[in-house]
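Biologist: I would like to learn how to read side-chain contacts in a model. Could you take me through them one feature at a time?

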Amino acid sequence: RIFDSLRTPFTFQPNTNLTLKMAVLLGMGNPLLDISAVVPTEFLDKYDLKLNNAVLAEEKHAPMYDDMVKNFDVEYIAGGATQNSIRVAQWMLGAPKSAAYMGCVGKDAFADEMVKCCEAEGVHVNYMVDEATPTGTCGVLVNGGERSLCAALNAANNYKIAHLEKPENWKLVEDAKFYYSAGFFLTVSPDSMLKVAKHAAEQGKTYTMNLSAPFLMEVPPFKSAMMECMPYVDVLFGNESEAATFAKSEGWDTTDVKEIACKASTLPKAEGAKPGRLVVFTQGMDPTIVAKDGAVLGEFPVIPLAPEKLVDTNGAGDAFVGGFLSQFVKGAELETCVKAGNYGANAIIQQSGCKFPPVCDFA
């Protein structure tokens with residue numbers, strides 16, 4: 001029963017304008033099996049968790065997963081921020097194996113089901129397998145349509161650059177033209193992120209990254225790793241709370257999202273990297289801010305959704321990135337990329353967890 005949600009068949013609707021013979025988009029991140037349930041506020045308080053936030057599991061969270069399974073109707077869904085974005089991008093690109101993904105899993109049923117799920121959706125997965133450690137999980141606690149995430153990385157925490165550097169794996173890097181990692185991967189393998197980011201700069205390709213969560217900017221080693229990658233980042237994603245935390249960590253005396261986006265867009269780029277940085281900050285139901293070269297390029301409204309159609313917001317930001325990148329890799333206009341991001345997010349929030357309808361009808 002627990003894997004029924006992972007076995008949904010998908011119908012491919014290939015984009016006839018896209019003739020990809022290999023993955024043009026490569027994601028690297030922390031593959032996790034989401035354990036999702038609607039919970040009362042008291043349950044969030046019990047484990048010191050806040051809505052619209054993401055944390056790494058600590059000792060106090062250890063009993064939470066069993067607690068969820070025993071007391072609530074849980075659903076198991078292939079997840080992890082980067083993997084979600086890549087799955088949505090693949091769904092919207094259509095042509096099988098347009099997108100690829102790397103990360104570390106255990107040798108267990110959870111990993112097997114994630115492989116089945118991603119391959120059924122057309123994603124080319126290339127997992128490193130750690131036989132000694134179980135596949136990572138993420139508690140997704142939904143309350144009033146909002147979510148709190150608590151991740152136990154397990155095997156996902158053990159990804160090593162040695163896997164990336166194997167010739168058969170590095171070929172995925174060489175074949176791709178666009179790269180994406182959520183900031184969460186900074187806690188696991190920043191050296192892998194940096195190696196790919198430098199490759200992108202050297203080869204005139206495009207490297208993209210997400211701020212992902214406030215804690216990544218509040219914990220000095222993670223922020224340091226983020227800033228080591230930043231000179232190579234061509235597109236930076238984030239939401240309004242992450243933007244505010246980033247500004248604070250940089251010592252910027254502002255909470256204005258537009259101003260922060262402009263400042264982030266002018267942070268130094270590495271020598272040899274593409275000039276300029278596109279910064280894309282979502283704001284929930286408020287317009288998405290896009291800036292480059294110190295100026296706001298546009299404010300793009302989201303797709304209105306009746307409150308009764310909102311199921312849960314888990315994966316909305318990931319889906320926005322996936323939708324945006326699905327058009328960005330095709331050289332689409334900025335407005336089209338943001339529309340695609342909003343389309344992806346709108347589809348996801350009408351489902352439980354990061355799932356999407358069988359057919360993508362974005363046009």
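**Reading side-chain contacts**

Modeller: Happy to, and let's start with a charge over a ring: Lys-195 lies over the face of Trp-170, at 5.2 Å from the ring centre. A charge counts as sitting over a ring if NZ of Lys or CZ of Arg is within 6 Å of the ring centre and within 35 degrees of the ring normal. This is a predicted model, where local features need pLDDT of at least 70 and side-chain atom pairs count only at pLDDT 80 or more, while totals for chains, interfaces and linings use all residues. Residues are numbered from 1 along each chain as its sequence is written, and side-chain values use heavy atoms, with hydrogens and water left out.

Biologist: How many aromatic pairs does the structure hold?

Modeller: Rings of Phe, Tyr and Trp (its six-membered ring) pair if their centres lie within 6.5 Å; planes under 30 degrees apart are stacked, over 60 edge-to-face, and the rest tilted. Here there are 16 aromatic pairs. Take Phe-246 and Trp-252: their ring centres are 5.6 Å apart and their planes stand at 75°, so this pair is edge-to-face.

Biologist: Are Phe-246 and Trp-252 buried or exposed?

Modeller: Buried means under 20% relative accessible area, exposed over 50%, and partly exposed in between (1.4 Å probe, protein chains only). Both Phe-246 and Trp-252 are buried.

Biologist: Which residues form one aromatic cluster?

Modeller: One such cluster is made by Phe-178, Tyr-180, Phe-237, Phe-320, Phe-324 and Phe-328.

Biologist: And how many salt bridges does a search of the whole structure find?

Modeller: A salt bridge is a side-chain nitrogen of Lys or Arg within 4 Å of a carboxyl oxygen of Asp or Glu. The search finds twelve. In one of them, Asp-48 and Lys-60 bring their closest N and O atoms to 3.0 Å. Asp-48 is in the loop between helix H1 (41–46) and strand E3 (53–56), and Lys-60 in the loop between E3 and helix H2 (64–71), so the pair ties together parts twelve residues apart in sequence. Helices (H or I, at least four residues) and strands (E, at least two) are DSSP runs, numbered from the N terminus. Asp-48 is partly exposed at 46% relative accessibility, and Lys-60 is partly exposed at 40%.

Biologist: Where do Lys-171 and Asp-175 lie?

Modeller: Both are in helix H6 (residues 167–175), four residues apart, about one turn of the helix.
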